[in-house]
Structures are given as structure tokens and as C-alpha cells.
Amino acid sequence: MPNTERNHLLHIFSCCPKCGSGRFAVDTEKSKRCEDCGFVYFMNPSASTVAVIIDEENRLMVVRRSKEPAKGTLDLPGGFCDCHETGEEGVRREVMEETGLEVTEARYLFSLPNMYRYSGLDIPTLDLFFLCKVKETKGATAMDDAGEVLWLPWQDVKPADFGLKSISLGVARLLELHAVSLANAR
Ligand SMILES: [Zn+2]
């Protein structure tokens, strides 16, 4: 696709964020440059975390999204990392905010890129999946972005029920990993 103003990652930014000039033009496929002050702004992916939490009965914790995008569909707990936060700290904070559960250990699994539409802007994300141990699986309460907390047996986990693309792909990947670990355990 050509780097036109209309389909550019930064198309909704019409003015230079530094000097306010309207001559803020497409520079590369992921950057715009101010023709007056020379300021260059790049659109890089935002780091985001995803928690994979499995209880004693080998069920996966899922939440139902209470907000757009993909409101009403299933999701895994998680969210954007704050500045100066590690992925492990971010996933621990998000799980606490959304479910009230305390993560005691977070082990990195894999990452998937995504586009997250918010405020009319497609924000590229890099979703980092962590296998999380929690202090106590009981007493999970849906809060913040989570409308409901559910524990699903693996046979009831269907990637198509997850509205965000990277989460759906990640869940499919988890099902493959789970099948492998089950096969290895035999
Ligand atoms: Zn400028």
C-alpha cells in the first residue's frame, strides 16, 4: 500500500505535536516529519501483557470484555505496560486490577503483534504472553476492563470466542502447547 496520508499509521495526527504546524507529512511507512521544525514522530508497537492462569482443576481463567474494542467477547487478563515497567510487573499489576488475584510468578511464553483500535487510532501492540502462578485462584472478582471472570476447562476453550485477534491466535497456540504437554505427560 502506498504511504498516503489516508492509510498511514499516523493519519489522525494532522499537526506537528512539537510546534503545531499543519505541515506534518508522511516520512516513512511508520513515521511523519514536520516540514517546519524537523520533528520526526515514529509509530512503534506498544508493549502489552497477557496472563495465562490455570487453576488446580486445570481450567483456564478467562474474562469477558466489558469495554470496546470487542466488548462482550472473551479475553485473557492483561493490558498495556506502563513506562519503566517490566512485562512481569505489568502482567502482575493488570491481573490484580482486573481480577484481584496476586501473581507470584510470571514466566514468558511467546509474543504476538496486534492492532488495537482506540479513540479512532489503530495502535500497534506487541502482546507478551506470560504463564502466571497466583497465590490463590479462589476469590477472583471481575473489575476494571473485565466484566466477568470464568474458569474454562480446556475442551471449552475456543479461539473464535476471543474477540481480539492476537488473543484468539494466542489461545490457539496455548491449545497446541497444552495438547503437546498432555501428550508428553502420558
Ligand atoms: Zn513542527
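The zinc ion has a tetrahedral arrangement, because its four donor atoms subtend angles of 107 to 114 degrees. Four donors count as tetrahedral if all angles lie between 85 and 135 degrees. The model is predicted: local features need pLDDT of at least 70, side-chain atom pairs count only at pLDDT 80 or more, and totals for chains, interfaces and linings use all residues. Residues are numbered from 1 along each chain as its sequence is written, and side-chain values use heavy atoms, with hydrogens and water left out.

**Exercise 1.** Find the protein donors of the zinc ion and their spacing along the chain.

*Solution.* 
- Take N, O and S atoms within 2.8 Å of the metal (3.2 Å for Na, K and Ca); water is not among the atoms, so sites may look incomplete.
- This gives the SG atoms of Cys-16, Cys-19, Cys-34 and Cys-37, at 2.3 to 2.4 Å from the ion.
- Along the chain the donors follow C-x2-C-x14-C-x2-C.
- Now check burial: buried means under 20% relative accessible area, exposed over 50%, partly exposed in between (1.4 Å probe, protein chains only).
- Cys-34 has 0% relative accessibility, so Cys-34 is buried.
- Cys-37 has 34%, so Cys-37 is partly exposed.

**Exercise 2.** Describe the largest nonpolar core and the surroundings of Leu-60.

*Solution.* 
- A nonpolar core is a set of buried Ala, Val, Leu, Ile, Met, Phe, Trp, Tyr and Cys residues joined through side-chain atoms within 4.5 Å.
- The largest has 18 residues; Leu-60, Phe-129 and Ile-167 are among those with the most contacts inside it.
- Two or more residues come from each of β4 (46-53), β5 (59-65), β8 (103-118) and α2 (165-185).
- Helices (H or I, at least four residues) and strands (E, at least two) are DSSP runs, numbered from the N terminus.
- Contact means heavy atoms within 4.5 Å.
- Beyond four places in sequence, Leu-60 touches residues including Val-52, Leu-76, Trp-154 and Val-157.

**Exercise 3.** Is His-178 buried or exposed, and which residues does His-178 contact?

*Solution.* 
- Locate His-178 in helix α2.
- Its relative accessibility is 13%, so His-178 counts as buried.
- Leaving aside neighbours within four places in sequence, His-178 is in contact with Asn-58 and Trp-154.

**Exercise 4.** How do β8 and β9 pair?

*Solution.* 
- Two strands pair if DSSP finds at least two bridges between them.
- Here 14 bridges join β8 to β9 (residues 121-134), and the strands run antiparallel.
- Leu-112 stands opposite Asp-127 in β9.
- Two residues lie between the strands of this hairpin, and Ser-119 in the turn has a positive phi of about 55 degrees.

Key. Tetrahedral: all angles 85-135°; square planar, octahedral: opposite > 155°, others 65-115°.
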